[in-house]
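Hello,

Here is the structure I promised to send over. My notes follow below it.

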Amino acid sequence: MFRRPVLQVLHQFVRHASDAAASLVLERSLNRVQLLGRVGQDPVLRQAEGKNPVTIFSLATNEMWRSGESEAYQMGDVSQKTTWHRISVFRPGLRDVAYQYVRKGSRIYVEGKIDYGEYMDKNNVRRQATTVIADNIIFLSDQTKEKE
């Protein structure tokens, strides 16, 4: 099933301090995000002057747990936390499909990388923004309506 043993793969990502001093080879790193949730708003297509167009939408993920002294199935209250993620799609084919078929309430799976950036708001205040740059989107609920 796997072509290389797990230790060989992990060795590509992890280097020991002694290896770093002796080696001029750059270390590999990993920036991957996998999200499964529901879309919070219909996507918007934006294009700033001189920049590539981007489709943007929000995605909600939920985390649930039982609180209380006993972790038994029927004891304790169920708590839930919703986290909102900003999804940006730059890839031309995927960007257009996301804009056309992603809908508020749709259940989708998104793969991508996390990106931290800054922007100036309307009051000329510097703000920080975290976004997921989508590489892949899998539609898990019916997508029969196309945006007109």
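Leu94 sits in helix 3 (residues 92-101); helices (H or I, at least four residues) and strands (E, at least two) are DSSP runs, numbered from the N terminus. This is a predicted model: local features need pLDDT of at least 70, side-chain atom pairs count only at pLDDT 80 or more, and totals for chains, interfaces and linings use all residues. Residues are numbered from 1 along each chain as its sequence is written, and side-chain values use heavy atoms, with hydrogens and water left out.

Leu94 is buried, at 13% relative accessible area (buried is under 20%, exposed over 50%, partly exposed in between; 1.4 Å probe, protein chains only). Beyond its neighbours within four places in sequence, Leu94 contacts Val89, Ala134, Asp135, Asn136 and Ile137 (contact: heavy atoms within 4.5 Å).

Helix 3 has Leu94, Arg95 and Ala98 as its buried residues. They cover an arc of only 105 degrees around the axis, so they lie on the same side of helix 3 (the arc is that of the directions from the helix axis to the C-beta atoms). They pack against strand 2 (44-46), strand 3 (54-67), strand 4 (77-89) and strand 6 (126-139).

Now the salt bridges. The count is 4 (a side-chain nitrogen of Lys or Arg within 4 Å of a carboxyl oxygen of Asp or Glu). One joins Asp135 and Arg32 at 2.8 Å, N to O. Asp135 is in strand 6 and Arg32 in the loop between helix 2 (17-22) and strand 1 (33-39), so the pair ties together parts 103 residues apart in sequence. Another joins Asp96 and Arg95 at 3.5 Å, N to O. Asp96 is partly exposed at 41%; Arg95 is buried at 11%.

Best wishes
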